[in-house]
Amino acid sequence: MRKIQVVAAITMLLVFACKPQEKIVIEKEIIQKEMAGHKKPKNVIFMVGDGMGLTQITAAMISNGYRLNFERFHSVGFHKSYSYDDLITDSAAGATAFSIGEKSYNAAIGVNKDTVAIRTLTEEAILQGYKTGVVVTSTIVHATPASFIAHNRHRNNYEEIAVDVANCNADILIGGGKKYFDRRKSDELNLVEKMKKDGYKVESFLDIDPEKATIPSGMKYALFTADDDPLPVAQGRTYLEPMTMATIKALDNTEKGFFLVVEGSQIDWGGHANNKNYVITELLDFDKTIGKVLDYIDANGETLLVITADHETGGMAINPGSNSDSLSISFATTHHSGTLIPVFAAGPGAELFQGIYENTSIYDKIRKALGWKEENQRIILDDRGTK
Ligand SMILES: [Zn+2]
């Protein structure tokens, strides 16, 4: 009996020692210490390689002559990717941790664990007068982009999420999923027409080649790159790098600065398919984009770039017997895994992203780097998330 009491006491102590509130306080102190004396970035570019763990990066590196643009980063850290209700996060809870700074349940889009909508980084940037953009290789209503510009209790409510996207007021929106905007099953709304009335120039893959689009300066712009999911790189999709750079050029024209979210969405889909070539080609496309963005960061000098993944997909491993010409890859699962996720940062404030921390700390570190006021963090919005 006594032994049980002692064990219980030790367990209580351990639980107490690790309670989340304390972790947050410790991480807050580290952020404050590290920001002392550092230059504040004017712009932030946040890039997500969905499903991109260390093995995905390594496999792409080996297949590319053992070189990647990732090697240009000096500030590297890791985040703990677990969600509120699962050790293995999904992309919705993963991106929501970045966008609202709270651990939520798998499938949550910009809402906390109680399905309450919380103001996202993109929404806060818009309120403060920053220019904003989202460029992805999934649909624009998919989990990662949606978590920055929409609020919904479930990631699969694509048509509801499209209404939020059409109303989000971001300056530039590039991704697939046109059908959720202009040929909806749940109602007769034509959100493309609505966006045009609201001042957007809206173009689609039906009008132009997405990689050759010209983004007009001084007006809002939406480009639908596909009716549903955009193609994989291996089937001819090439717009991520040119449209990311065109978006940066279009946003980089104000005193206030810009906040841009970019996602290489399909690294994850290659992992789910346990298809190494799919993973590697998507990773190399993402890396090519990173190279161009880093060139911009180096020349610009006032932009913070943060790159991470929401989680790893596939439990991918490089097996014995592999060589640089022929990688033997195995996958432990067709789902996500629970491993630590790398974070790469460059530009003013990059030092903040060194170390090991919660995925929600990325929200805090970006806000801290920008010098955004603490009283404006994690603001509860209306009940849109609970409808
Ligand atoms: Zn996934």
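**A chat about the open sheet and its strand β8**

Reader: Hi! Which strands form the open sheet, and in what order?

Author: Hi! In this predicted model, 10 strands make an open sheet, ordered β5-β6-β4-β3-β7-β1-β8-β13-β2-β14, with mixed pairing.

Reader: Which strands stand at the edges?

Author: Those are β5 (200-204) and β14 (355-358). Each has a single partner strand, so one side of each is left without a neighbour in the sheet.

Reader: And how are neighbouring strands turned against each other?

Author: By 15° on average, ignoring direction.

Reader: Nice. Let's go to β8. How does strand β1 pair with it, parallel or antiparallel?

Author: Parallel: β1 (residues 43-49) and β8 share six bridges. Within that pairing, methionine 47 has isoleucine 307 of β8 as its bridge partner.

Reader: What about β13, then: parallel or antiparallel to β8?

Author: Antiparallel, with four bridges between β8 and β13 (residues 341-346). Isoleucine 307 turns up here too, opposite phenylalanine 344, and valine 306 has alanine 345 as its bridge partner in β13.

Reader: Are the residues of β8 buried or exposed?

Author: Buried: six of its six residues are. One side carries Thr303, Leu305 and Ile307, the other Leu304, Val306 and Thr308, and both faces are covered.

Reader: What does threonine 308 touch?

Author: Leaving out residues up to four places away in sequence, it touches Val48, His79, Ile341, Pro342, Val343 and Ile362.

Reader: Then tell me about α12. What should its 25 residues span?

Author: At 1.5 Å a residue they should span 36 Å, and the end C-alpha atoms are 35 Å apart, which agrees. Glycine 301 follows the helix, with a positive phi near 75°.

Reader: One more helix: which residues of α3 are buried?

Author: In α3 (residues 54-63) they are Thr55, Gln56, Ile57, Ala59 and Ala60. Their cover includes α11 (267-272), α12 (276-300), β10 (316-318) and β11 (329-331). Just after α3, glycine 65 has a positive phi too, about 70°.

Reader: Zooming out, how many helices and strands does the protein have?

Author: There are 13 helices and 14 strands. Of the 387 residues, 51% are buried. Among contacts with a separation of 6 or more, 72% join residues 24 or more positions apart.

Reader: Last one! What is the mean pLDDT?

Author: It is 92, and 89% of residues reach 70 or more. Residues 10-18, however, are below 50, and that stretch has zero contacts in the model beyond near neighbours in sequence. Where pLDDT is low, the predicted coordinates should not be read in detail.

Methods: Residues are numbered from 1 along each chain as its sequence is written. This is a predicted model: local features need pLDDT of at least 70, side-chain atom pairs count only at pLDDT 80 or more; totals for chains, interfaces and linings use all residues. A residue is buried if 20 or more other C-beta atoms lie within 10 Å of its own, exposed if 12 or fewer, and partly exposed in between; C-beta atoms are placed from the backbone. Helices (H or I, at least four residues) and strands (E, at least two) are DSSP runs, numbered from the N terminus. Two residues are in contact if their C-beta atoms, placed from the backbone, lie within 7 Å. The expected span of a helix is 1.5 Å times one less than its number of residues. pLDDT is the predictor's confidence in each residue, from 0 to 100. Two strands pair if DSSP finds at least two bridges between them. Axes are lines fitted to C-alpha atoms, for helices over the stretch in contact, and angles run from 0 to 180 degrees between N-to-C directions.
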